[in-house]
Amino acid sequence: MLLLPKCIDTIVTLLSDPNLQVERRVIQVITALYRDMLLWQVPQRKIPQDMTEAWVHLSHLKGFILEALDAENEGIRTHAIKFIEVLVLCQSLHPNPPEDGSEVCINLIPPDHITLDSSSLKAEGGVAFQSLVNFTTTQSITPMNLMTSIGSLTNVAKQRPNYLGPVVQVFESLHANLPPTLSKSQVSSVRKQLKLHATTLFKIPSPFTA
């Protein structure tokens, strides 16, 4: 973690590179680092200045990646979807958080933490989730992005039952109104995936009956 501030500085610099492969790698790296950086901060009572600055940079990077859902490149959008999945999981309440603190979630953050505001992070996670929902139900979404979004939404609902209802509603909407960007064979494939994921979700206990 001592090298993380320098890594974040380098990543911020790389964002100005016009090469799409570089942009993809930046999103992948942030996706891999995000859990660890958040987890590292949770027990800290005094955050070094360089780490505080790194967190500010990371917050800007989050905004950049959220906006990448509107990128022209399909691959960039796919990586943005996977990052949003991680962000939502980290910035939401876990119904039964592990006692060893091995899973990053809002539950781990004490209300008096010096730098992390659990309420703000939770709200940001909710906004990110809604952005993914809106993206998934757009009529212009590509088949690859749609399949990735369905998988990410399923992962979120499986691990955070409070999102189960909204995800089921998204799947019901898609089943009734798939985007016109899909060919007949793709429609068949997506419907099969929707059925598979929906079956998985229906096995999850409702947060209202648990």
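## Valine 187 and helix 8

Valine 187 sits in helix 8. Helices here are DSSP runs of H or I with at least four residues, strands are runs of E with at least two, and both are numbered from the N terminus. The model is predicted: local features need pLDDT of at least 70, side-chain atom pairs count only at pLDDT 80 or more, and totals for chains, interfaces and linings use all residues. Residues are numbered from 1 along each chain as its sequence is written, and side-chain values use heavy atoms, with hydrogens and water left out.

Valine 187 has a relative accessible area of 23%, so it is partly exposed. Buried means under 20% relative accessible area, exposed means over 50%, and partly exposed is in between (1.4 Å probe, protein chains only). Neighbours within four places in sequence aside, valine 187 is in contact with Leu178 and Leu182. Contact means heavy atoms within 4.5 Å. Histidine 175 is 12 residues from valine 187 along the chain, and their C-alpha atoms are 9.6 Å apart.

## The whole chain

The chain has 8 helices and 0 strands. Along the sequence the pattern reads α-α-α-α-α-α-α-α. The C-alpha atoms fill a box of roughly 55 × 50 × 20 Å along the principal axes. For 210 residues, a compact globule would have a radius of gyration near 17 Å, and the chain agrees with its 18 Å. That radius is taken over C-alpha atoms, and the globule rule is 2.2 Å times the number of residues to the power 0.38.

Of the 210 residues, 43% count as buried. Take the contacts between residues at least 6 apart in sequence: 70% of them join residues at least 24 apart.

## Surface and charge

The chain exposes about 11100 Å², and carbon and sulfur atoms supply 56% of that area. Accessible areas come from the Shrake-Rupley method with a 1.4 Å probe; for residues, only the protein chains shown count as cover.

There are 17 positive and 18 negative side chains. Lys and Arg count as positive, Asp and Glu as negative; His and the chain ends are not counted. The centres of the two sets lie 11 Å apart. Each charge is placed at NZ of Lys, CZ of Arg, CG of Asp or CD of Glu.

The structure holds 0 disulfides. A disulfide is a covalent bond between the sulfur atoms of two cysteines. The cut-off used is a pair of cysteine sulfur atoms within 2.5 Å. The sulfur of cysteine 90 has its closest cysteine sulfur in cysteine 105, but the 8.7 Å between them is too far for a bond.

Cysteine 90 is buried, at 1% relative accessible area. Cysteine 105 is buried too, at 2%.

## Threonine 148 in helix 6

Threonine 148 belongs to helix 6, which covers residues 143-159. Its relative accessibility is 17%, so threonine 148 counts as buried. Beyond its neighbours within four places in sequence, threonine 148 is in contact with Thr78, Ile81 and Lys82.

## Isoleucine 204 after helix 8

Isoleucine 204 lies in the segment after helix 8 (184-202). Is isoleucine 204 buried or exposed? It counts as buried, because its relative accessibility is 17%. Apart from neighbours within four places in sequence, isoleucine 204 is in contact with Ala157, Lys158 and Leu164.

Threonine 181 is 23 residues from isoleucine 204 along the chain. The C-alpha atoms of these two residues are separated by 31 Å.
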